[in-house]
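Q: I'm new to this one. Please walk me through it, one feature at a time.

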Amino acid sequence: MSVSASAPGKAILIGEHFVVENQPAIAIAINLRAHVTARESKNDKILIFSKNLGIKDYFSEGNINIKSPLYPIYYAAKEALKSLNIETSGLEIIIDSEIPPSAGMGSSAAVSVATIGAILKIYRRELNKEKISKIAYKAEEIVHGKPSGIDNTISTYGGSIIFRKSEGFLKLISNFSDVKVILADSEISRNTGNLVRKVLRLKNKYERIFDPLYYSAGHLAIEAAKAIENMDFERLGELMNINHGLLSAIGVSNRKLEELVYVARENGALGAKITGAGGGGFIVALCYKKDYENVFKALKKVSNRVFVCDISDKGII
Ligand code: MEV
């Protein structure tokens, strides 16, 4: 019998990179989801097929290609089976994701979360979110090296969260029905792990300059969480703009990202900034619903991939 699970992508509204060094950050789940269908098979192999990447791989004991882009998914599946005390099992896993990969939208975490959810469903176990997020974190370590844990957390729980590595997360209580988030692609590819390492190198080199930036980012996240809970989206937009300045200061912006950010702001966004690792990937703009079409049209002129998203309360289902 086939079962399906899905999990949302995310946008970081405040605090990427700073979160890696234990500052709080804010993420929202978006209404683009990774869908995973899984079923038991009769052999001892785990077959993973990604419709989006157009890649199929088999994994079995003694035949594990750790270089495969699908290896983190295999690892998540194996860990999920281990947590159920199932040592060997044949599985077929099919991934169909609406979330663009390598875009800072948490596609790898969402695929891991949905894969683990589907496996728990096969064996009729409850979707224990703490367990799902923990296993997905381990798979994220393979993808990104030293992830903060924000991606697997938001993808598992949905909604909007304030997250701190040492403390975990709190769900923010708000109502986002007046706003939209727009994500626009710089069409420059980059690698999250490399960018995280680049920022940390610079931080070590200029410790006394970077420390206040990190301190400031931490306060920014707390102010932004209050703005979200008060539904003060103008304030949230301003805080996003300040956050973008900090991200430029730590070296993850570039000319194209700046163009996208300024086009969004000049056409009515409440705030716009890099989202995710930067260096390429996407920007996020926050807009009142009444203004989003202008922002969308303007961004479409400078980017081939622009997504208009709602904030989604649904995590893993
Ligand atoms: C990547 O989506 C966000 C970073 O802060 C890395 C992380 O939190 O693991 C750059």
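Predicted model: local features only at pLDDT ≥ 70, side-chain atom pairs only at ≥ 80, totals over all residues.

**Reading the model, feature by feature**

Q: Let's begin with aspartate 151: is it buried or exposed?
A: Aspartate 151 is buried, with a relative accessible area of 15%. Residues are numbered from 1 along each chain as its sequence is written, and side-chain values use heavy atoms, with hydrogens and water left out.

Q: Where is aspartate 151 found, and which residues is it in contact with, leaving aside its neighbours within four places in sequence?
A: Aspartate 151 sits in helix H4, residues 150-157. Contact means heavy atoms within 4.5 Å. Skipping neighbours within four places in sequence, aspartate 151 is in contact with Lys10, Ile12, Gly106, Ala109 and Glu140.

Q: Which side chain makes a polar contact with the side chain of aspartate 151?
A: A polar contact is a pair of N or O atoms within 3.5 Å; within protein, one must be able to donate a hydrogen and the other to accept it, and residues adjacent in sequence count only if both atoms are side-chain atoms. For aspartate 151, the partner is the side chain of lysine 10, at 3.1 Å.

Q: How many residues surround the ligand, and which are the closest?
A: To read this, call a residue near a molecule if one of its heavy atoms lies within 4 Å of it. There are 13 such residues around the ligand, and the closest are Lys10, His17, Val19, Pro147 and Ser148. Lysine 10 turns up again here, with a polar side-chain atom 3.1 Å from an oxygen atom of the ligand. Serine 148 also uses a polar side-chain atom, 2.6 Å from a ligand oxygen. With histidine 17, a backbone N or O atom lies 2.9 Å from an oxygen atom of the ligand.

Q: Which residues of H8 are buried, and which are exposed?
A: An α-helix has 3.6 residues a turn, so residues three or four places apart point the same way. In H8, the buried ones are Leu257, Leu260, Val261, Val263 and Ala264. They cover an arc of only 165° around the axis (taken from the directions from the axis to the C-beta atoms), so they are on the same side of H8. Arg255 and Glu266 are exposed on the other side. Among the elements covering the buried residues are helix H7 (233-249), strand E10 (282-288) and helix H9 (292-300).

Q: What happens at the start of H8, and which residue follows the helix?
A: At the start of H8, a side-chain oxygen of asparagine 254 comes within 3.2 Å of the backbone nitrogen of lysine 256. After H8 comes glycine 268, with a positive phi near 115°.

Q: Which residues does glutamate 258 contact, beyond its neighbours within four places in sequence?
A: Glutamate 258 belongs to H8 and is partly exposed at 22%. Its contacts beyond those neighbours are His244, Ser248 and Ser253. With histidine 244, the side chains make a polar contact of 2.8 Å.

Q: How many disulfides does the structure hold?
A: A disulfide is a covalent bond between the sulfur atoms of two cysteines. Here, the test is a pair of cysteine sulfur atoms within 2.5 Å. This structure holds zero. Cysteine 287 is in none, with the nearest cysteine sulfur, that of cysteine 309, 11 Å away. Cysteine 287 is buried at 0% relative accessible area, and cysteine 309 is buried at 1%.

Methods. Buried < 20%, exposed > 50% of the residue type's maximum accessible area, 1.4 Å probe, protein only. Helix = DSSP H or I, 4+ residues; strand = E, 2+ residues; numbered from the N terminus.
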